[in-house]
Amino acid sequence: MEEIVIIFFRKIRWQNFLSTGNQWTQIDMNRSQNTLIVGENGAGKSTLLDAVLFSLYGRPYRNINKPLLVNSITGKNCLVEIEFQIKEKNYKVIRGIKPAVFEIYCNDVLVDQNASVKEYQEHLEKNILKLNHKSFTQIVVIGSANFTPFMQLKAQERRDVIEDLLDIKIFSIMHGILKQKITDNKNEIIEAKHSIDLLEQKVEMTKKHMNQIRSLKCSDREAKANKIQQLNIKIKESQANIEHYMNENRMLEAFIEDHDRMKTKLKKLRELEYRVGSKIETISKEIDFFENNDECPTCQQDLDSLFVEKRVEKQKYKMQELEGGIRAFANEYQDINERLEEIAGIQNKINKLNQKIMEENSNIKISSNAIKQFQTEITEEDVTDDNSLEELKSLEEQIKQTQAIHEKALLLKEEYDVAVSMLKDSGIKAKIIKQYIPIINKLVNKYLATMEFFVQFELDENFNEKIKSRFRDEFTYESFSEGEKMRIDLSLLFTWRAVAKLRNSISTNLLIMDEVFDSSLDNTGTEEFLKIITQLAGDTNVFVISHKGDQLFDKFHSVIKFEKIKNFSRIAT
(Lines give C-alpha, C1' and ligand atoms only; values in the text may rest on other atoms or scores of the structure.)
Protein backbone atom coordinates (compact mmCIF):
# COMPACT_ATOMS: atom_id res chain seq x y z
CA MET A 1 0.00 0.00 0.00
CA GLU A 2 1.30 3.46 -0.91
CA GLU A 3 2.55 5.55 1.99
CA ILE A 4 0.25 8.39 3.04
CA VAL A 5 1.86 11.81 2.55
CA ILE A 6 0.81 14.31 5.21
CA ILE A 7 1.08 18.05 4.76
CA PHE A 8 1.92 18.92 8.35
CA PHE A 9 1.38 22.63 8.97
CA ARG A 10 3.58 23.96 11.77
CA LYS A 11 3.12 27.71 12.05
CA ILE A 12 1.88 30.83 10.32
CA ARG A 13 2.61 34.46 11.02
CA TRP A 14 1.72 37.81 9.46
CA GLN A 15 2.25 41.55 9.79
CA ASN A 16 0.62 44.61 8.20
CA PHE A 17 -2.02 42.17 6.91
CA LEU A 18 -5.65 43.38 7.07
CA SER A 19 -6.18 44.88 10.55
CA THR A 20 -2.82 43.60 11.90
CA GLY A 21 -0.08 46.21 12.36
CA ASN A 22 3.69 46.20 12.12
CA GLN A 23 4.08 43.61 14.90
CA TRP A 24 4.12 39.93 13.94
CA THR A 25 1.07 37.82 14.83
CA GLN A 26 2.02 34.13 15.03
CA ILE A 27 -0.06 30.98 15.52
CA ASP A 28 1.44 27.55 16.11
CA MET A 29 -0.77 25.32 13.98
CA ASN A 30 0.09 22.12 15.84
CA ARG A 31 -0.41 23.65 19.31
CA SER A 32 -3.21 21.20 20.27
CA GLN A 33 -5.77 18.84 18.86
CA ASN A 34 -8.43 21.52 18.80
CA THR A 35 -8.25 25.27 19.26
CA LEU A 36 -11.03 27.80 19.70
CA ILE A 37 -10.50 31.28 18.20
CA VAL A 38 -12.74 33.98 19.69
CA GLY A 39 -13.04 37.75 19.74
CA GLU A 40 -15.43 40.57 19.11
CA ASN A 41 -16.61 41.52 15.64
CA GLY A 42 -13.74 43.11 13.68
CA ALA A 43 -11.09 41.88 16.13
CA GLY A 44 -9.40 39.79 13.44
CA LYS A 45 -10.59 36.24 14.19
CA SER A 46 -11.02 35.24 10.54
CA THR A 47 -7.64 36.66 9.55
CA LEU A 48 -6.15 33.18 10.07
CA LEU A 49 -8.25 31.84 7.18
CA ASP A 50 -7.26 34.69 4.87
CA ALA A 51 -3.59 34.37 5.83
CA VAL A 52 -3.48 30.60 5.15
CA LEU A 53 -5.15 30.89 1.72
CA PHE A 54 -3.17 34.01 0.75
CA SER A 55 0.18 32.46 1.67
CA LEU A 56 -0.50 29.27 -0.31
CA TYR A 57 -2.58 30.50 -3.26
CA GLY A 58 -2.02 34.26 -3.47
CA ARG A 59 -5.64 35.19 -2.69
CA PRO A 60 -7.53 35.47 0.60
CA TYR A 61 -10.40 33.27 1.73
CA ARG A 62 -12.88 36.12 1.77
CA ASN A 63 -13.75 38.31 -1.24
CA ILE A 64 -11.21 41.05 -0.54
CA ASN A 65 -9.36 42.87 -3.30
CA LYS A 66 -5.64 42.23 -3.10
CA PRO A 67 -4.62 45.90 -2.53
CA LEU A 68 -7.00 46.03 0.47
CA LEU A 69 -5.05 43.24 2.21
CA VAL A 70 -2.37 45.78 3.09
CA ASN A 71 -3.06 47.45 6.44
CA SER A 72 -4.65 50.81 5.64
CA ILE A 73 -2.70 52.61 8.41
CA THR A 74 0.85 51.33 7.81
CA GLY A 75 0.27 51.04 4.03
CA LYS A 76 3.24 48.77 3.24
CA ASN A 77 5.37 45.74 4.19
CA CYS A 78 2.43 43.31 4.17
CA LEU A 79 3.93 39.84 4.76
CA VAL A 80 2.56 36.36 5.47
CA GLU A 81 4.79 33.37 6.20
CA ILE A 82 3.63 29.76 6.55
CA GLU A 83 5.72 26.72 7.47
CA PHE A 84 4.85 23.09 6.83
CA GLN A 85 6.50 19.70 6.49
CA ILE A 86 6.04 16.99 3.84
CA LYS A 87 7.97 13.82 4.68
CA GLU A 88 11.55 14.87 5.46
CA LYS A 89 11.28 18.25 3.73
CA ASN A 90 10.54 21.45 5.60
CA TYR A 91 8.91 24.19 3.52
CA LYS A 92 8.39 27.88 4.10
CA VAL A 93 6.32 30.07 1.80
CA ILE A 94 6.66 33.85 2.08
CA ARG A 95 4.23 36.11 0.27
CA GLY A 96 3.96 39.88 0.51
CA ILE A 97 2.54 43.08 -0.95
CA LYS A 98 4.27 46.48 -1.15
CA PRO A 99 6.79 45.26 -1.99
CA ALA A 100 5.64 42.15 -3.85
CA VAL A 101 7.23 39.00 -2.44
CA PHE A 102 6.76 35.34 -3.37
CA GLU A 103 9.41 32.91 -2.15
CA ILE A 104 9.39 29.16 -1.53
CA TYR A 105 12.07 27.60 0.69
CA CYS A 106 12.78 23.89 0.97
CA ASN A 107 15.02 22.97 3.90
CA ASP A 108 16.02 26.66 4.14
CA VAL A 109 17.13 26.77 0.49
CA LEU A 110 15.27 29.10 -1.89
CA VAL A 111 13.55 27.17 -4.67
CA ASP A 112 14.65 28.42 -8.12
CA GLN A 113 12.71 31.57 -9.08
CA ASN A 114 13.68 31.75 -12.76
CA ALA A 115 10.14 30.82 -13.78
CA SER A 116 7.29 33.33 -13.99
CA VAL A 117 5.06 33.96 -10.97
CA LYS A 118 2.33 31.82 -12.60
CA GLU A 119 4.73 28.91 -13.18
CA TYR A 120 6.14 29.32 -9.67
CA GLN A 121 2.60 29.06 -8.26
CA GLU A 122 1.90 26.00 -10.40
CA HIS A 123 5.05 24.38 -9.00
CA LEU A 124 3.79 25.00 -5.46
CA GLU A 125 0.33 23.57 -6.18
CA LYS A 126 1.21 20.63 -8.44
CA ASN A 127 4.59 19.48 -7.17
CA ILE A 128 4.54 20.38 -3.46
CA LEU A 129 0.98 20.72 -2.11
CA LYS A 130 -0.61 18.57 -4.85
CA LEU A 131 -3.88 20.37 -4.10
CA ASN A 132 -5.41 23.28 -5.99
CA HIS A 133 -7.32 26.12 -4.33
CA LYS A 134 -10.79 24.58 -4.75
CA SER A 135 -9.78 21.13 -3.45
CA PHE A 136 -7.85 22.66 -0.54
CA THR A 137 -10.88 24.64 0.61
CA GLN A 138 -13.13 21.58 0.24
CA ILE A 139 -11.04 19.42 2.59
CA VAL A 140 -9.35 21.97 4.88
CA VAL A 141 -11.75 24.90 5.29
CA ILE A 142 -15.41 25.35 5.98
CA GLY A 143 -16.87 28.70 6.90
CA SER A 144 -19.63 31.21 6.49
CA ALA A 145 -17.81 33.80 4.40
CA ASN A 146 -16.52 32.59 1.03
CA PHE A 147 -16.86 28.83 1.31
CA THR A 148 -19.06 27.21 -1.33
CA PRO A 149 -20.26 23.81 -0.06
CA PHE A 150 -19.90 20.92 -2.46
CA MET A 151 -23.67 20.62 -2.78
CA GLN A 152 -23.93 24.21 -4.01
CA LEU A 153 -21.30 23.77 -6.73
CA LYS A 154 -22.26 23.41 -10.38
CA ALA A 155 -22.05 19.96 -11.97
CA GLN A 156 -18.68 20.63 -13.67
CA GLU A 157 -17.25 22.15 -10.46
CA ARG A 158 -18.34 19.04 -8.51
CA ARG A 159 -16.62 16.91 -11.13
CA ASP A 160 -13.42 19.00 -10.85
CA VAL A 161 -13.33 18.51 -7.06
CA ILE A 162 -13.89 14.76 -7.30
CA GLU A 163 -11.36 14.34 -10.10
CA ASP A 164 -8.76 16.29 -8.16
CA LEU A 165 -9.38 14.28 -4.98
CA LEU A 166 -9.23 10.97 -6.84
CA ASP A 167 -6.10 12.12 -8.68
CA ILE A 168 -7.71 11.45 -12.07
CA LYS A 169 -7.55 15.01 -13.40
CA ILE A 170 -4.53 13.85 -15.35
CA PHE A 171 -6.97 12.09 -17.69
CA SER A 172 -8.74 15.43 -18.34
CA ILE A 173 -5.37 17.05 -19.02
CA MET A 174 -4.45 14.17 -21.33
CA HIS A 175 -7.83 14.54 -23.03
CA GLY A 176 -7.14 18.23 -23.62
CA ILE A 177 -3.70 17.44 -25.07
CA LEU A 178 -5.25 14.68 -27.18
CA LYS A 179 -7.78 17.13 -28.66
CA GLN A 180 -4.92 19.22 -30.03
CA LYS A 181 -3.21 16.10 -31.36
CA ILE A 182 -6.48 15.04 -33.03
CA THR A 183 -6.73 18.48 -34.65
CA ASP A 184 -3.12 18.22 -35.85
CA ASN A 185 -3.79 14.68 -37.12
CA LYS A 186 -6.92 15.83 -38.96
CA ASN A 187 -4.95 18.65 -40.60
CA GLU A 188 -2.19 16.19 -41.54
CA ILE A 189 -4.72 13.85 -43.19
CA ILE A 190 -6.28 16.75 -45.13
CA GLU A 191 -2.88 18.11 -46.19
CA ALA A 192 -1.66 14.65 -47.27
CA LYS A 193 -4.83 14.03 -49.32
CA HIS A 194 -4.54 17.48 -50.86
CA SER A 195 -0.88 16.84 -51.73
CA ILE A 196 -1.77 13.49 -53.34
CA ASP A 197 -4.45 15.17 -55.48
CA LEU A 198 -2.03 17.89 -56.58
CA LEU A 199 0.69 15.36 -57.43
CA GLU A 200 -1.74 13.24 -59.44
CA GLN A 201 -2.79 16.35 -61.38
CA LYS A 202 0.87 17.11 -62.07
CA VAL A 203 1.39 13.54 -63.38
CA GLU A 204 -1.53 13.95 -65.80
CA MET A 205 -0.25 17.34 -66.95
CA THR A 206 3.28 15.93 -67.46
CA LYS A 207 2.00 13.05 -69.56
CA LYS A 208 -0.12 15.42 -71.64
CA HIS A 209 2.86 17.73 -72.11
CA MET A 210 5.05 14.84 -73.25
CA ASN A 211 2.50 13.84 -75.88
CA GLN A 212 2.22 17.41 -77.13
CA ILE A 213 6.00 17.68 -77.42
CA ARG A 214 6.23 14.47 -79.42
CA SER A 215 3.54 15.63 -81.88
CA LEU A 216 5.09 19.08 -82.38
CA LYS A 217 8.73 18.06 -82.35
CA CYS A 218 9.27 17.38 -86.09
CA SER A 219 7.43 20.40 -87.48
CA ASP A 220 8.87 22.68 -84.83
CA ARG A 221 12.45 21.65 -85.60
CA GLU A 222 12.00 22.36 -89.34
CA ALA A 223 10.41 25.75 -88.64
CA LYS A 224 13.27 26.74 -86.36
CA ALA A 225 15.87 25.66 -88.98
CA ASN A 226 14.17 27.86 -91.58
CA LYS A 227 14.17 30.79 -89.17
CA ILE A 228 17.89 30.30 -88.49
CA GLN A 229 18.58 30.32 -92.27
CA GLN A 230 16.57 33.55 -92.72
CA LEU A 231 18.38 35.19 -89.80
CA ASN A 232 21.80 34.27 -91.25
CA ILE A 233 20.81 35.94 -94.57
CA LYS A 234 19.69 39.00 -92.63
CA ILE A 235 23.03 39.09 -90.77
CA LYS A 236 24.99 38.99 -94.06
CA GLU A 237 22.87 41.85 -95.43
CA SER A 238 23.56 43.93 -92.36
CA GLN A 239 27.30 43.20 -92.56
CA ALA A 240 27.34 44.35 -96.22
CA ASN A 241 25.50 47.55 -95.30
CA ILE A 242 27.99 48.25 -92.54
CA GLU A 243 30.92 47.87 -94.94
CA HIS A 244 29.28 50.30 -97.39
CA TYR A 245 28.59 52.89 -94.67
CA MET A 246 32.14 52.65 -93.33
CA ASN A 247 33.62 53.27 -96.82
CA GLU A 248 31.47 56.40 -97.17
CA ASN A 249 32.63 57.56 -93.72
CA ARG A 250 36.28 57.20 -94.64
CA MET A 251 35.77 59.30 -97.79
CA LEU A 252 33.91 62.04 -95.90
CA GLU A 253 36.48 62.15 -93.08
CA ALA A 254 39.19 62.83 -95.73
CA PHE A 255 37.32 66.06 -96.72
CA ILE A 256 37.39 67.46 -93.16
CA GLU A 257 41.00 66.81 -92.16
CA ASP A 258 41.52 70.61 -91.81
CA HIS A 259 38.73 70.86 -89.15
CA ASP A 260 41.06 71.25 -86.19
CA ARG A 261 43.34 73.66 -88.09
CA MET A 262 40.37 75.92 -89.00
CA LYS A 263 39.17 75.98 -85.35
CA THR A 264 42.70 76.91 -84.17
CA LYS A 265 43.03 79.64 -86.83
CA LEU A 266 39.63 81.09 -85.84
CA LYS A 267 40.70 81.20 -82.20
CA LYS A 268 43.97 83.01 -82.99
CA LEU A 269 42.17 85.48 -85.29
CA ARG A 270 39.76 86.38 -82.45
CA GLU A 271 42.67 86.94 -80.04
CA LEU A 272 44.49 89.17 -82.56
CA GLU A 273 41.29 91.12 -83.27
CA TYR A 274 40.85 91.69 -79.54
CA ARG A 275 44.42 93.04 -79.16
CA VAL A 276 44.06 95.38 -82.17
CA GLY A 277 40.76 96.64 -80.82
CA SER A 278 42.39 97.39 -77.47
CA LYS A 279 45.18 99.39 -79.21
CA ILE A 280 42.65 101.38 -81.25
CA GLU A 281 40.79 102.27 -78.06
CA THR A 282 44.03 103.40 -76.36
CA ILE A 283 45.09 105.57 -79.34
CA SER A 284 41.60 107.07 -79.57
CA LYS A 285 41.80 108.15 -75.91
CA GLU A 286 45.24 109.72 -76.48
CA ILE A 287 44.07 111.68 -79.56
CA ASP A 288 41.04 112.87 -77.62
CA PHE A 289 43.32 114.04 -74.78
CA PHE A 290 45.63 116.15 -76.97
CA GLU A 291 42.76 117.66 -78.87
CA ASN A 292 40.91 118.77 -75.70
CA ASN A 293 43.77 119.77 -73.34
CA ASP A 294 46.30 122.69 -73.49
CA GLU A 295 48.44 121.81 -70.50
CA CYS A 296 49.90 118.68 -68.86
CA PRO A 297 47.75 117.45 -65.93
CA THR A 298 50.87 116.19 -64.14
CA CYS A 299 53.32 119.13 -64.30
CA GLN A 300 50.77 121.90 -65.04
CA GLN A 301 52.90 123.21 -67.99
CA ASP A 302 51.46 124.30 -71.33
CA LEU A 303 51.68 121.70 -74.14
CA ASP A 304 53.64 122.69 -77.24
CA SER A 305 51.19 123.11 -80.13
CA LEU A 306 53.68 121.82 -82.70
CA PHE A 307 54.36 118.69 -80.57
CA VAL A 308 50.62 118.12 -80.10
CA GLU A 309 49.91 118.49 -83.82
CA LYS A 310 52.65 116.02 -84.84
CA ARG A 311 51.64 113.57 -82.09
CA VAL A 312 47.95 113.60 -83.07
CA GLU A 313 48.80 113.23 -86.76
CA LYS A 314 51.06 110.26 -86.04
CA GLN A 315 48.45 108.49 -83.84
CA LYS A 316 45.67 109.04 -86.42
CA TYR A 317 47.84 107.45 -89.07
CA LYS A 318 48.50 104.46 -86.83
CA MET A 319 44.73 104.17 -86.09
CA GLN A 320 44.00 104.09 -89.84
CA GLU A 321 46.46 101.22 -90.23
CA LEU A 322 44.86 99.29 -87.37
CA GLU A 323 41.33 99.88 -88.68
CA GLY A 324 42.50 98.56 -92.06
CA GLY A 325 43.69 95.43 -90.26
CA ILE A 326 40.26 95.05 -88.65
CA ARG A 327 38.62 95.12 -92.08
CA ALA A 328 41.07 92.46 -93.28
CA PHE A 329 40.09 90.32 -90.26
CA ALA A 330 36.42 90.49 -91.32
CA ASN A 331 37.20 88.98 -94.75
CA GLU A 332 39.27 86.23 -93.20
CA TYR A 333 36.45 85.56 -90.63
CA GLN A 334 34.02 85.00 -93.45
CA ASP A 335 36.33 82.49 -95.23
CA ILE A 336 36.90 80.48 -92.00
CA ASN A 337 33.18 80.40 -91.02
CA GLU A 338 32.19 79.28 -94.50
CA ARG A 339 34.69 76.41 -94.25
CA LEU A 340 33.50 75.42 -90.74
CA GLU A 341 29.87 75.35 -91.90
CA GLU A 342 30.91 73.09 -94.76
CA ILE A 343 32.75 70.80 -92.27
CA ALA A 344 29.68 70.70 -89.94
CA GLY A 345 27.50 69.54 -92.84
CA ILE A 346 29.96 66.73 -93.63
CA GLN A 347 30.11 65.74 -89.93
CA ASN A 348 26.31 65.53 -89.86
CA LYS A 349 26.46 63.06 -92.76
CA ILE A 350 29.16 61.07 -90.92
CA ASN A 351 26.96 60.94 -87.75
CA LYS A 352 23.98 59.67 -89.74
CA LEU A 353 26.15 56.96 -91.29
CA ASN A 354 27.45 55.99 -87.79
CA GLN A 355 23.82 55.75 -86.58
CA LYS A 356 23.02 53.39 -89.47
CA ILE A 357 26.10 51.30 -88.60
CA MET A 358 24.88 51.03 -84.96
CA GLU A 359 21.41 49.98 -86.13
CA GLU A 360 22.87 47.30 -88.39
CA ASN A 361 25.11 46.03 -85.53
CA SER A 362 22.05 45.89 -83.26
CA ASN A 363 20.18 43.89 -85.91
CA ILE A 364 23.13 41.49 -86.17
CA LYS A 365 23.16 41.04 -82.34
CA ILE A 366 19.41 40.44 -82.17
CA SER A 367 19.56 37.95 -85.02
CA SER A 368 22.58 36.17 -83.47
CA ASN A 369 20.79 35.86 -80.10
CA ALA A 370 17.69 34.54 -81.81
CA ILE A 371 19.82 31.94 -83.66
CA LYS A 372 21.41 30.86 -80.36
CA GLN A 373 17.96 30.56 -78.73
CA PHE A 374 16.63 28.43 -81.61
CA GLN A 375 19.76 26.25 -81.50
CA THR A 376 19.37 25.82 -77.71
CA GLU A 377 15.71 24.89 -78.09
CA ILE A 378 16.55 22.37 -80.80
CA THR A 379 19.21 20.87 -78.48
CA GLU A 380 16.80 20.82 -75.53
CA GLU A 381 14.17 19.04 -77.61
CA ASP A 382 16.57 16.14 -77.93
CA VAL A 383 16.61 15.65 -74.13
CA THR A 384 13.01 16.68 -73.40
CA ASP A 385 11.70 13.14 -73.36
CA ASP A 386 14.39 12.00 -70.91
CA ASN A 387 13.75 14.94 -68.54
CA SER A 388 10.00 14.45 -68.70
CA LEU A 389 10.40 10.77 -67.87
CA GLU A 390 12.61 11.64 -64.88
CA GLU A 391 10.09 14.22 -63.69
CA LEU A 392 7.30 11.66 -64.07
CA LYS A 393 9.21 9.10 -62.00
CA SER A 394 9.91 11.73 -59.34
CA LEU A 395 6.22 12.69 -59.11
CA GLU A 396 5.14 9.04 -58.83
CA GLU A 397 7.69 8.50 -56.04
CA GLN A 398 6.36 11.58 -54.20
CA ILE A 399 2.84 10.16 -54.51
CA LYS A 400 3.97 6.87 -52.91
CA GLN A 401 5.68 8.72 -50.02
CA THR A 402 2.68 10.99 -49.44
CA GLN A 403 0.28 8.01 -49.55
CA ALA A 404 2.42 6.34 -46.87
CA ILE A 405 2.13 9.48 -44.71
CA HIS A 406 -1.64 9.55 -45.34
CA GLU A 407 -2.05 5.89 -44.36
CA LYS A 408 0.06 6.38 -41.24
CA ALA A 409 -2.06 9.40 -40.24
CA LEU A 410 -5.25 7.35 -40.75
CA LEU A 411 -3.90 4.58 -38.51
CA LEU A 412 -2.96 7.20 -35.90
CA LYS A 413 -6.51 8.59 -36.14
CA GLU A 414 -7.88 5.16 -35.23
CA GLU A 415 -5.54 5.05 -32.21
CA TYR A 416 -6.64 8.56 -31.17
CA ASP A 417 -10.30 7.53 -31.48
CA VAL A 418 -9.66 4.66 -29.06
CA ALA A 419 -7.77 6.99 -26.70
CA VAL A 420 -10.62 9.53 -26.79
CA SER A 421 -13.13 6.88 -25.79
CA MET A 422 -10.88 5.98 -22.86
CA LEU A 423 -10.12 9.55 -21.71
CA LYS A 424 -13.54 11.17 -21.97
CA ASP A 425 -15.79 11.42 -18.93
CA SER A 426 -17.51 8.11 -19.74
CA GLY A 427 -14.18 6.25 -20.09
CA ILE A 428 -11.47 5.44 -17.54
CA LYS A 429 -12.55 8.27 -15.23
CA ALA A 430 -16.09 6.90 -15.10
CA LYS A 431 -14.79 3.46 -14.07
CA ILE A 432 -12.61 4.92 -11.33
CA ILE A 433 -15.42 7.17 -10.10
CA LYS A 434 -17.81 4.20 -10.19
CA GLN A 435 -15.47 2.34 -7.83
CA TYR A 436 -15.29 5.23 -5.39
CA ILE A 437 -18.92 6.42 -5.40
CA PRO A 438 -20.02 3.61 -3.00
CA ILE A 439 -17.11 4.45 -0.68
CA ILE A 440 -17.97 8.17 -0.78
CA ASN A 441 -21.65 7.47 -0.07
CA LYS A 442 -20.77 5.11 2.78
CA LEU A 443 -18.48 7.69 4.41
CA VAL A 444 -21.03 10.51 4.03
CA ASN A 445 -23.77 8.43 5.64
CA LYS A 446 -21.39 7.36 8.40
CA TYR A 447 -20.68 11.00 9.36
CA LEU A 448 -24.37 11.93 9.04
CA ALA A 449 -25.28 9.11 11.41
CA THR A 450 -22.61 10.26 13.84
CA MET A 451 -24.35 13.65 13.94
CA GLU A 452 -27.70 11.84 14.37
CA PHE A 453 -28.98 12.93 11.01
CA PHE A 454 -30.52 9.69 9.80
CA VAL A 455 -31.04 10.01 6.07
CA GLN A 456 -29.75 7.95 3.15
CA PHE A 457 -27.46 10.19 1.11
CA GLU A 458 -26.30 9.06 -2.34
CA LEU A 459 -24.32 10.65 -5.14
CA ASP A 460 -24.64 9.08 -8.58
CA GLU A 461 -21.83 8.86 -11.12
CA ASN A 462 -22.76 12.33 -12.46
CA PHE A 463 -22.53 13.73 -8.88
CA ASN A 464 -26.24 14.42 -8.56
CA GLU A 465 -27.59 13.81 -5.07
CA LYS A 466 -30.48 11.64 -3.98
CA ILE A 467 -31.48 11.93 -0.33
CA LYS A 468 -34.04 9.61 1.25
CA SER A 469 -35.52 9.61 4.74
CA ARG A 470 -36.12 6.52 6.83
CA PHE A 471 -39.53 6.28 5.21
CA ARG A 472 -37.98 6.39 1.72
CA ASP A 473 -39.24 9.89 1.00
CA GLU A 474 -36.96 11.64 -1.46
CA PHE A 475 -35.51 15.09 -0.76
CA THR A 476 -33.09 17.51 -2.38
CA TYR A 477 -30.33 19.38 -0.61
CA GLU A 478 -32.23 22.66 -0.88
CA SER A 479 -35.27 21.22 0.90
CA PHE A 480 -33.42 20.95 4.26
CA SER A 481 -32.98 23.56 6.98
CA GLU A 482 -29.71 25.45 7.34
CA GLY A 483 -28.68 23.26 10.27
CA GLU A 484 -29.39 20.09 8.27
CA LYS A 485 -27.51 21.48 5.26
CA MET A 486 -24.56 22.18 7.54
CA ARG A 487 -24.57 18.56 8.72
CA ILE A 488 -24.47 17.42 5.08
CA ASP A 489 -21.67 19.91 4.29
CA LEU A 490 -19.64 18.76 7.28
CA SER A 491 -20.13 15.12 6.37
CA LEU A 492 -18.88 15.81 2.84
CA LEU A 493 -15.93 17.79 4.21
CA PHE A 494 -14.81 14.86 6.36
CA THR A 495 -15.50 12.49 3.48
CA TRP A 496 -13.22 14.47 1.13
CA ARG A 497 -10.47 14.42 3.73
CA ALA A 498 -10.83 10.65 4.06
CA VAL A 499 -10.94 10.13 0.26
CA ALA A 500 -7.91 12.38 -0.26
CA LYS A 501 -6.00 10.28 2.23
CA LEU A 502 -7.28 7.01 0.75
CA ARG A 503 -6.83 7.79 -2.95
CA ASN A 504 -4.07 10.33 -3.27
CA SER A 505 -2.16 9.41 -0.16
CA ILE A 506 -2.38 13.15 0.61
CA SER A 507 -3.58 14.33 3.98
CA THR A 508 -3.17 17.34 6.22
CA ASN A 509 -3.21 18.01 9.94
CA LEU A 510 -5.16 21.22 9.45
CA LEU A 511 -8.93 21.81 9.63
CA ILE A 512 -10.29 25.36 9.99
CA MET A 513 -13.97 26.19 10.60
CA ASP A 514 -15.27 29.72 10.57
CA GLU A 515 -18.45 30.46 12.59
CA VAL A 516 -19.76 26.90 12.08
CA PHE A 517 -21.50 26.93 15.47
CA ASP A 518 -22.84 30.47 15.34
CA SER A 519 -26.01 29.99 13.28
CA SER A 520 -26.40 26.76 11.40
CA LEU A 521 -25.97 24.16 14.17
CA ASP A 522 -28.30 23.84 17.13
CA ASN A 523 -27.12 22.61 20.52
CA THR A 524 -27.55 18.95 19.57
CA GLY A 525 -25.71 19.45 16.29
CA THR A 526 -22.92 21.27 18.09
CA GLU A 527 -22.47 18.46 20.60
CA GLU A 528 -22.42 15.83 17.88
CA PHE A 529 -20.04 17.84 15.76
CA LEU A 530 -17.63 18.18 18.68
CA LYS A 531 -17.69 14.41 19.00
CA ILE A 532 -16.48 14.19 15.39
CA ILE A 533 -13.71 16.67 16.15
CA THR A 534 -12.64 14.47 19.05
CA GLN A 535 -12.59 11.43 16.76
CA LEU A 536 -10.36 13.33 14.32
CA ALA A 537 -8.08 14.68 17.01
CA GLY A 538 -5.57 11.85 16.63
CA ASP A 539 -3.97 13.34 13.48
CA THR A 540 -5.75 16.66 13.00
CA ASN A 541 -5.32 20.14 14.44
CA VAL A 542 -8.75 21.74 14.37
CA PHE A 543 -9.22 25.52 14.57
CA VAL A 544 -12.77 26.71 15.18
CA ILE A 545 -13.58 30.43 14.81
CA SER A 546 -16.67 31.36 16.78
CA HIS A 547 -18.63 34.14 18.54
CA LYS A 548 -19.89 31.62 21.13
CA GLY A 549 -16.85 31.92 23.32
CA ASP A 550 -18.59 31.58 26.65
CA GLN A 551 -20.42 28.40 25.62
CA LEU A 552 -17.40 26.65 24.12
CA PHE A 553 -14.38 27.55 26.30
CA ASP A 554 -14.47 24.29 28.28
CA LYS A 555 -14.88 22.11 25.19
CA PHE A 556 -11.48 22.94 23.55
CA HIS A 557 -7.94 22.12 24.56
CA SER A 558 -6.71 25.66 23.83
CA VAL A 559 -8.21 29.09 23.15
CA ILE A 560 -6.86 32.07 21.17
CA LYS A 561 -8.52 35.41 21.73
CA PHE A 562 -8.12 38.30 19.31
CA GLU A 563 -8.57 41.88 20.43
CA LYS A 564 -8.29 45.27 18.77
CA ILE A 565 -6.11 47.92 20.41
CA LYS A 566 -5.73 51.34 18.79
CA ASN A 567 -7.16 50.07 15.50
CA PHE A 568 -4.67 47.15 15.31
CA SER A 569 -5.62 43.50 15.85
CA ARG A 570 -3.49 41.27 18.05
CA ILE A 571 -3.65 38.10 20.15
CA ALA A 572 -4.61 38.91 23.71
CA THR A 573 -2.02 37.92 26.31
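Predicted model: local features only at pLDDT ≥ 70, side-chain atom pairs only at ≥ 80, totals over all residues.
Residues are numbered from 1 along each chain as its sequence is written, and side-chain values rest on heavy atoms, with hydrogens and water left out. Local features require pLDDT of at least 70 and side-chain atom pairs pLDDT 80 or more, whereas totals for chains, interfaces and linings use all residues.

Nine aromatic pairs were found, a pair being rings of Phe, Tyr or Trp (its six-membered ring) with centres within 6.5 Å, called stacked for planes under 30 degrees apart, edge-to-face for over 60 and tilted for the rest. Among them, Phe9 and Phe136 pair edge-to-face, at 6.3 Å centre to centre and 75° between the planes. Because Phe9 belongs to strand β1 (residues 5-15) and Phe136 to helix α3 (residues 133-140), this pair ties together parts 127 residues apart in sequence. Helices (H or I, at least four residues) and strands (E, at least two) are DSSP runs numbered from the N terminus. Phe9 is buried, at 0% relative accessibility, and Phe136 is likewise buried, at 2%; buried denotes under 20% relative accessible area, exposed over 50% and partly exposed in between (1.4 Å probe, protein chains only).

The charged end of Arg13 sits over the ring of Trp24, 3.8 Å from its centre, and Lys446 lies over the face of Tyr447, at 5.5 Å from the ring centre. The criterion is NZ of Lys or CZ of Arg within 6 Å of the ring centre and within 35 degrees of the ring normal.

Met174, in helix α5 (residues 169-255), is partly exposed, with a relative accessible area of 37%.
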